[in-house]
Amino acid sequence: MLKRFIAISIIFLSITSAIAQNTAEDELGSWYILATNSKVSEKLSIQAQTQFRFYELASELQQFKIRTGAKYRIMEGLSVGVGYAYFRNDFSYLSETPPSFDEHRIVEDVYLDHNVGNVNVDHRARFENRFIVRDQDTDTRHWFRYMVKLSYPFLDRWSADVYNEVWLNVGDEPTFAQNWLGFGVGYKFSDLIKSRVGYQRIHLDGPDFDRILIGITFTPDFTKQTSTP
């Protein structure tokens with residue numbers, strides 16, 4: 001199964017690379033993601049994530065991200081979450097942008113999920129409070145984000161997904177900030193380890209960007225731990 005995952009991943013990357021290069025001005029970059037989603041009770045889970053976002057496939061580190069948060073299930077199909085994220089940004093390839101700056105975000109989430117046949121449908125509404133630090137000055141901004149994602153499990157351990165997320169500025173103009181459209185394939189190695197390879201098109205009010213996403217997620221379930229006498 002591991003060989004099959006590697007083979008499918010190579011084919012997937014080849015296809016997405018060809019798609020991305022259809023537009024000459026686009027630069028194919030990559031995001032490498034390591035995450036954990038730990039279930040600590042029947043209703044509560046703790047999340048952590050780090051990302052290395054490269055402007056090119058393996059060079060020009062664009063963003064480094066660390067995020068942590070908690071998710072609480074209110075009832076079947078409805079959950080809420082809160083989290084904190086730190087970003088180290090370097091957009092020096094863009095004009096009129098400082099070479100590097102820090103950003104802190106406080107996020108609040110509402111999750112809705114349901115099934116349509118064998119397809120899992122996930123909705124996420126997120127409000128982000130952004131604190132951008134440049135030269136010891138802090139600029140406060142806000143985003144509202146809405147994502148819908150469709151996932152389809154197949155062949156026991158495999159899944160395919162497609163999603164779209166729209167970003168809106170709150171209190172600033174223009175209202176539209178960006179849009180993320182992506183798809184991917186995932187493989188479940190075990191109850192503890194999952195992996196995913198995906199492609200994402202980031203649409204801004206200006207150039208678009210193509211990104212390959214490669215991630216591993218650890219999903220420990222501490223509710224199954226039993227203490228020994």
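Reader: In which sense do S8 and S9 pair, and over how many bridges?
Author: The model is predicted, so that local features need pLDDT of at least 70 and side-chain atom pairs count only at pLDDT 80 or more, while totals for chains, interfaces and linings use all residues. Residues are numbered from 1 along each chain as its sequence is written, and side-chain values use heavy atoms, with hydrogens and water left out. Strands (E, at least two residues) and helices (H or I, at least four residues) are DSSP runs numbered from the N terminus, and two strands pair if DSSP finds at least two bridges between them. For S8 and S9 the sense is antiparallel, and the number of bridges is 11.

Reader: Which residue takes a positive phi in the hairpin of S8 and S9?
Author: This hairpin has 6 residues between its strands. The loop between S8 and S9 also holds Pro174, whose peptide bond from Glu173 is cis, with omega near -5°. The positive phi, near 85°, belongs to Gly171.

Reader: How many residues lie between S9 and S10 in their hairpin?
Author: S9 is joined to strand S10 (residues 193-204) by 11 bridges, and the two run antiparallel. Within this pairing, Asn179 has His203 as its bridge partner in S10. The number of residues between S9 and S10 is 4.

Reader: What percentage of the residues of the protein chain count as buried?
Author: A residue is buried under 20% relative accessible area, exposed over 50% and partly exposed in between (1.4 Å probe, protein chains only). The protein chain has 229 residues, and the part that counts as buried is 35%.

Reader: How many salt bridges does the structure hold?
Author: A salt bridge is a side-chain nitrogen of Lys or Arg within 4 Å of a carboxyl oxygen of Asp or Glu. One of them joins Asp139 and Arg141 at 2.8 Å, N to O. The structure holds a total of 16.

Reader: How far apart in sequence are the parts that Arg67 and Asp109 tie together?
Author: The side chains of Arg67 and Asp109 meet in a salt bridge of 3.5 Å, N to O. Arg67 lies in strand S3 (residues 61-75) and Asp109 in strand S5 (residues 101-116), so the parts tied together are apart in sequence by 42 residues.

Reader: Is Glu165 buried or exposed?
Author: Glu165 forms a salt bridge with Arg124, the closest N and O atoms being 2.9 Å apart. Glu165 lies in strand S8 and Arg124 in strand S6 (residues 119-134), so the pair ties together parts 41 residues apart in sequence. Arg124 has a relative accessible area of 13% and is buried. With a relative accessible area of 2%, Glu165 is likewise buried.

Reader: Which residues are linked in a network of salt bridges?
Author: In general, side chains of opposite charge can pair when their charged atoms come close. The residues linked in the network are Arg67, Glu103, Arg105, Asp109, Arg124, Arg126, Glu128, Arg130, Arg145 and Glu165.

Reader: What is the relative accessible area of Asp135?
Author: Asp135 lies in the loop between S6 and S7. Asp135 has a positive phi of about 50° although it is not a glycine. Asp135 counts as exposed, and its relative accessible area is 75%.
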